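Here are a few friendly notes to read alongside the model. Take them in order, and keep the 3D view open as you go.

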Amino acid sequence: MTHQPKGFPLAFYVANGMEIFERLAWYGFFALSSVYMTTPAEQGGAGFSEAQRGALQGIIPFFLYLLPVVTGALGDRYGYRRMFLLSFAIMAPGYYLMGQAEGFGSFFLAMLAVACGAACFKPIVVGTIARTTVAANRGLGFGIFYTMVNIGGFLGPLVAGYMRAISWDAVFLMSSLWICLNFLPALFLYREPQQVRSTNKLGQVLSEAQQVLGNGRFALLLFPAIMLLMAAGVGWLGYQPAFIAIAVWLVINLLWNRLCAPNARHWLAQPIRISNLPFALYLLILTGFWTVYNQLFYTLPLFIRDYVDTGDLLSLLAWLGEDTLAFLAHVDVGALAEKLQTLDAALPLETLRLQLVHLKVNVPHEVLAGALSQLGQSASPAELAAHIAQDWAGRYRQINPEYLINLDFAAIVLLQILVSYVCRRLHTFKVLVAGIVIMGGGIWLAALNGQFVLGGSLMVVVILSIAMGEMLTSPKSQEYVASIAPKQQSAMYMGYYFVSMALGFLFAGLLSGWGYENLAKQQGRPEWMWGLFALIALVSAMALWIFNRWQSRARQDRADLSVDTLSEAGEA
């Protein structure tokens, strides 16, 4: 009988520590990414359109979470420690260069470098957790790991929010520094988990990686369709032509399939094959969860900045003192005064209000109209603008969206281990379904923002609902993959788990860019946008419930067949 250790080895704790620093870097930028990308260039931001922002947030993380399919397999072959060091060597300069980039193209390339480095890191750290835990403590181990993820996620935006009061460049420099610190534990403390190395050569590793989901023809079917979606997201192609081209490509592949021979030697002559259909369907369903969850970072910060009055929260927190309020809702009075002098009074009041929210004030239309009238009649508009800016900085200031989003991480840091402990004996799919339903309910509440006076308080409920859904769903979804993965292919299976996240990020970014621009801004109906995301969550929860029923019946059928076979053997 093999002895099972009661605790965790050193590699488990070192991996969790490196995860904290990597998350400090990523979420220090990521939680602010929507705000940075859509802030005008003259105010220090990137000045991208909603479509460009959505394309970046969809395409770059897609590759970040897709590449672990390969990098996880490479980690199994060449060693986890080498992959850790490679990832840090790529990410550290990538973060710095994002802060130096000028224009969409250069920012895209710098962010892509960060994605490649993170893709080397992710399956290796998760593979370390999988290899340093056993069946008895795997649930707790992944719960601890996920808590570490969120400690980094909680502290990263707090530090980044403080740094952006200095400059946006400081945000990216800080992220680079966090990654550089990770070289120390990787070089001096980390030790490879036992039997981590695979004896397969690179060609065999890549061949095995294909066998988990499907063959080359299956990949050839999917990737052109995905590339067409990306082209539409960036604006190189309209969505209607993109969907028509995707439909044509599917028809071509169906006809191509009829001409293929199952035993053909060349992969192009083989029919499309899905190797592990249940696993592929499981990942596809999880894509819906990640599509909705990522709106916490993609859409909700913009929605809070543009449409939510968080003044009720500032009033509630007034007892903490003015210094705390100034930290949570810092307003650059000088920049606001300069902006007031350049406002075009001929533009609609809503357009002008949306220009001012970039400076962290949410001014009612009637107040804004009165200020414009006074400025137009004033003999000394600069002095009057400074006075108005000082007044608005106190009356209409708003909490930084990243600090509210941070409540998600705070809740998970405080409650994740408890939730994982409570759920450790519960059926995996019941927990998954419950988590997605709770998250969808929170998203639906965001659609009700216009009906509540206490907009900031409602956003707190929305964010905490999403956090509870994440605490239930994410660790359990990873635990399920770790439990079905062959021991020698742990990192590779966890790499394929990231496929669901890759597709979720892609669809989340594209839908966020399209929904926020067309539904929230142009149509003036942000509730339609939130209703769409709530519907996706509901469909995903129902699909998981059906998937579990199907798998349960399949297991029962296999068990009955086994019993019948044994009975026939006994009779013989």
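**Notes on the cavities and one lysine**

1. Let's begin with the lining of the largest cavity: its residues divide into 16 nonpolar, four polar and four charged. Please keep in mind that this is a predicted model.

2. How much space lies in the largest cavity? About 270 Å³. A lining of 24 residues surrounds this space, and those nearest its centre are Arg23, Tyr65, Lys122, Val149 and Met501. To find the region on screen, look for α1 (10-38), α5 (104-131), α6 (138-164), α12 (277-293), α23 (455-484) and α24 (490-522), the elements that each give two or more residues to the lining.

3. The whole structure holds three cavities of 30 Å³ or more.

4. Lys360 sits in the loop between α18 (349-356) and α19 (365-377). Leaving aside residues up to four places away in sequence, Lys360 touches Arg164, His330, Val331, Tyr396, Arg397, Gln398 and Asn400.

5. Is Lys360 buried or exposed? Lys360 is buried, yet it has no salt bridge. The nearest side chain of opposite charge belongs to Glu402, 5.7 Å away, while a salt bridge needs the charged atoms to be within 4 Å.

Methods:
Residues are numbered from 1 along each chain as its sequence is written. This is a predicted model: local features need pLDDT of at least 70, side-chain atom pairs count only at pLDDT 80 or more; totals for chains, interfaces and linings use all residues. Side-chain values use heavy atoms; hydrogens and water are left out. Helices (H or I, at least four residues) and strands (E, at least two) are DSSP runs, numbered from the N terminus. Buried means under 20% relative accessible area, exposed over 50%, partly exposed in between (1.4 Å probe, protein chains only). Lys and Arg count as positive and Asp and Glu as negative; His and the chain ends are not counted. Contact means heavy atoms within 4.5 Å. On a 1 Å grid over the protein atoms alone, a cavity is a set of points where a 1.4 Å probe fits but cannot get out, and a pocket is an open set with protein on both sides within 12 Å along at least five of seven lines; lining residues have an atom within 4 Å of a point. Grid points are joined across faces, edges and corners, and a volume is the space filled by probe spheres set on the points. Ala, Val, Leu, Ile, Met, Phe, Trp, Tyr, Cys and Pro count as nonpolar, Asp, Glu, Lys and Arg as charged, and the others, Gly among them, as polar.
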